[in-house]
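Here is a short tour for anyone meeting this structure for the first time. Have a look at the sequence and the model, then read on.

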Amino acid sequence: MIIKGLALSLILFGSVGLASADYADGMRYYEQQEYRQALQEFGKAARSGDTDAQYMLGRLYEAGNGTVQDFVQAHKWYNLAAARGHSHAGEARNSLAERMTAAQIAEAQQSARGWQPEEQKAEESSSQATQRSRPDIESLTDRQGIAEIQRELNRLGYDAGPVDGAMGRRTRSAIREYQADKGIARNGRASAELLKRLRQTEKEEVAAPSEPQPEPESRVVLQDDFGDGDFRRNPSWTVLSGDFEVEQNGLRSIVEMQRTSQRESRRLSSERPEEIGLAMLELILEQTGNARQGEVSAPVEPARIFVNSPVDNAFRMELELASRQRPGSLELGLFQGNRPNGTGYRLVYTADSRPGLSLVRLISGSAEVVARHEGSLDLEDGRFHRLVWTRDEDGRMQVRVDDQRLIQARDNGLRDPFQGFVLANQGGDYTLRRIRLEE
C-alpha cells in the first residue's frame, strides 16, 4: 500500500522524472503522518533542487505540519518549484498569497531570488576562483565543452547537475530552459555557440523565480447571497420539486430520509429527477462497498432547484453551504441544454460515507463517477464551509473545501458550455449562504 501510495503521489504532485531517495523517504514519512521526519527528508532534496520536494516542503510549512506554520517559507518553496515548472506549485503559491501581507510576500520573493541549490553553491565558489582563466572554447574536447556548459548553466541559476562532462537529463533540461528564456531554438544540445553565449550572459539577466501574475479578468455570470429575502428574483431561481425558503443565513431546504430495500434496475429519465439522484447515490455506494445488503437511504421527496446562468466550459464556482443533519446527500453542479436534470457535472456529498465527496458526469441519464475524495467529509459541525470548484480549458478540475484540495481530475466528456446551476437535496438539512460563478 505504501508503494502504491508513493506512485500515486508522484503522479499527483507533478513529478517529471525519477524521485530522489530523500524525496521518496519524505513521501513515505508524509503518508505515515510522521511530519518531522518528512520535513527533514524533503528539506535535503529541496535544497538540492528537487522541485517535487520543494513543493511538498511548501505544503508542510503552509499547514504547520512538523514545524511552526510559516507562510513566508511556504511561499518561497512554492515559488522555487513553480519557477522550475512544477505543475501545481504556482497555483498553491497564488492561493497562499491571498492569505499573506504585502510585506510577507516581498520577503518570500526576495528569499527565493537569493536561493541556490547546494550543488550550485559549491560549483559557483569553484567557478569564481577560476572565472578569470576560462579555457578557450576552441581548445576543449567534447566532454570538456559539456562540463563548461554545465558550469555556466549552474552559475546562471539553471540546474544542470554535477559538472562531470556527461550529457544527462538534467543538463539537457537546463539547456532547454535557458534557450526558452533567451528565445532561441529549444534543441537541448551542447555546442560551442551555446557555450559562447552562456559566457556572455550576466547572472543578473536570468529571470528570477516567477512572481504571482494577475489573473486574466473574469466575468461573473451568477452571484447571489439571498440578501433580498426572495430567491425568485435577482436572479430568478426555479423550484423543480420539494420546498425551499430564504432564512437569515441563506437558501434552506429540509428533506427527510427513509430506508428502502428496493433495488430495481433503473432506466434513468430526466423527467424523473428523484430516480437520477438516487441512482447516482447507489452508484457511489456500490463502487465503494458502502451499500448494505441492497439498502439505501432514499428521500421522501427530493428538493431540487435551479437557476439559468450560461457559463463557459471553463469556470470557477465558489459557494458557502452548511449541513445540519446526517445521514443525507446533497447534489450540486452545472447542466447543459434546457433540462436541469440532464447532462452535466455534479458534485455529490454523502454524509457518514466514504467517499464523502464524488464528482459525477451525467450524460443522457447515465451517471459515471469521474473522481472522488476517498476520505469522509464531515460538514455537520454547525458552521458554513467554503467550496471552490474550478475547471480549465483542458478539462482539468479541482474541488477544494475550506482551502483543502479534495478532488483533482481531468475529464473532457463534456465540451459544450453550461446553461445553469442546479442543486438537489436528496435528504438532509442544507443551507446555501452564497454562490458565485464566473468564467
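What follows goes through rings, cores, a helix pair and a loop.

## Before we start

This is a predicted model, so local features need pLDDT of at least 70 and side-chain atom pairs count only at pLDDT 80 or more, while totals for chains, interfaces and linings use all residues. Residues are numbered from 1 along each chain as its sequence is written, and side-chain values use heavy atoms, with hydrogens and water left out.

## Rings that meet

Searching the whole structure turns up 11 aromatic pairs. To pair, rings of Phe, Tyr and Trp (its six-membered ring) need centres within 6.5 Å; planes under 30 degrees apart are stacked, over 60 edge-to-face, and the rest tilted. One of the pairs is Tyr30 with Tyr35, edge-to-face at 5.6 Å centre to centre and 65° between the planes. Tyr30 is buried at a relative accessible area of 17%, whereas Tyr35 is partly exposed at 22%. Here buried means under 20% relative accessible area, exposed over 50%, and partly exposed in between (1.4 Å probe, protein chains only).

Another pair is Phe315 with Trp389: the ring centres are 5.6 Å apart and the planes sit at 80°, so this one is edge-to-face too. It ties together distant parts of the chain, with Phe315 in strand 8 (residues 315-323) and Trp389 in strand 13 (residues 385-391), 74 residues apart. Helices (H or I, at least four residues) and strands (E, at least two) are DSSP runs, numbered from the N terminus. Phe315 is buried, with a relative accessible area of 4%, and Trp389 is buried with 0%. Ring pairs also join Phe315, Tyr345, Trp389 and Phe418 into a cluster.

## Charges over rings

Which ring does the charged end of Arg28 sit over? That would be Tyr29, with the charge 4.7 Å from the ring centre. To count, NZ of Lys or CZ of Arg must be within 6 Å of the ring centre and within 35 degrees of the ring normal.

The largest nonpolar core has 44 residues, and Trp389 and Phe421 have the most contacts inside it. A second, separate core of 30 residues includes Ala53, Leu57, Leu80 and Ala89. A nonpolar core is a set of buried Ala, Val, Leu, Ile, Met, Phe, Trp, Tyr and Cys residues joined through side-chain atoms within 4.5 Å.

## A helix pair

Helix 4 (residues 51-63) packs with helix 5 (residues 71-83) at an angle of about 160°, their axes 8 Å apart. Axes are lines fitted to C-alpha atoms, for helices over the stretch in contact, and angles run from 0 to 180 degrees between N-to-C directions. The two helices are therefore roughly antiparallel (under 35 degrees is roughly parallel, over 145 roughly antiparallel, 65 to 115 roughly perpendicular, and the rest oblique).

Gly58 is in helix 4 and is buried, at 0% relative accessible area. Its C-alpha atom is 8.6 Å from that of Arg93, 35 residues away along the chain.

## A loop worth a look

Phe226 lies in the loop between strand 1 and strand 2. Its phi is also positive, near 60°, but Phe226 counts as buried at 3% relative accessibility.
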